[in-house]
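This report looks at one helix and at the salt bridges of a chain. Have the sequence and the model open while reading.

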Amino acid sequence: DNYLAAMPIMKKYGMRGSVFIMTCEIDHEPYLTKQEIKALQENGFEIGSHTVNHVALGLSTPEEQRSESLISKQVLEKEIKQPVEVMAYPYGSYSESAIAALKASGYRGACTGETGLNTDKTDPYRLKRINIPRPRLGMTEFKLRLLRAEIYAKFE
């Protein structure tokens, strides 16, 4: 749905986004193909890593953390011919050793599964997100999720 739904809508409104790719699933249904990833990139989307095999990095060994982050980065960079600088932690799972592996692999930041807003003081390897699942209440639900993130940010 990033390629078929999000990209056309975001392009229409002049918006850009980020898509995080599990490299073991490239060209496997129902995941993105190499051509779709390239089209997303050409339409202003940032391509980021989501590891090779979608492993919970916070529960992995340092060796697996390094391998999953580095190989995924290398595969994506070969495809898109640009640096891949950001990862989204699978399952939101990370640890200090996972962060060290990302830094050693050349990433500049990573998204967690933690809800909230980011500021210039946010650790770039612990970026917060606002989860937007398939809506049941339309724009009202979207606005409520944004409001919740703003409220969480005030209590940090």
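Is Arg 108 buried or exposed? The model is predicted. Arg 108 counts as exposed, at 59% relative accessibility. Its salt-bridge partner is Glu 85, with the closest N and O atoms 3.7 Å apart. Arg 108 sits in the loop between α4 and β4, and Glu 85 in the loop between α3 and β3. The two are 23 residues apart, so the pair links distant parts of the chain. Glu 85 counts as partly exposed, at 31%.

## Helix α4

Helix α4 spans residues 96–105. Its buried residues are Ala 98, Ile 99, Ala 101, Leu 102 and Ser 105. Seen down the helix axis, they fall within an arc of 160°, so they line one face of α4. That set packs against α3 (62–80), β3 (86–88) and β4 (109–115).

On the other side of α4, Glu 96 and Ala 104 are exposed. Just after the helix, Gly 106 takes a positive phi of about 100°.

## Other salt bridges

The count of salt bridges is six. One of them joins the side chains of Lys 34 and Glu 79, at 3.9 Å from N to O. Lys 34 lies in helix α2 (residues 34–42) and Glu 79 in helix α3, so the pair ties together parts 45 residues apart in sequence. Lys 34 is partly exposed at 38%. Glu 79 is partly exposed at 28%.

Asp 123 and Arg 126 also form a salt bridge, their closest N and O atoms being 2.5 Å apart. Asp 123 is partly exposed at 28%, and Arg 126 is partly exposed at 24%. A network of salt bridges links Glu 96, Asp 123 and Arg 126.

Notes: Residues numbered from 1 in each chain as written. Predicted model: local features only at pLDDT ≥ 70, side-chain atom pairs only at ≥ 80, totals over all residues. Heavy atoms only, no water. Buried < 20%, exposed > 50% of the residue type's maximum accessible area, 1.4 Å probe, protein only. Helix = DSSP H or I, 4+ residues; strand = E, 2+ residues; numbered from the N terminus. Arc of directions from axis to C-beta. Contact = heavy atoms within 4.5 Å. Salt bridge = Lys/Arg side-chain N within 4 Å of Asp/Glu carboxyl O.
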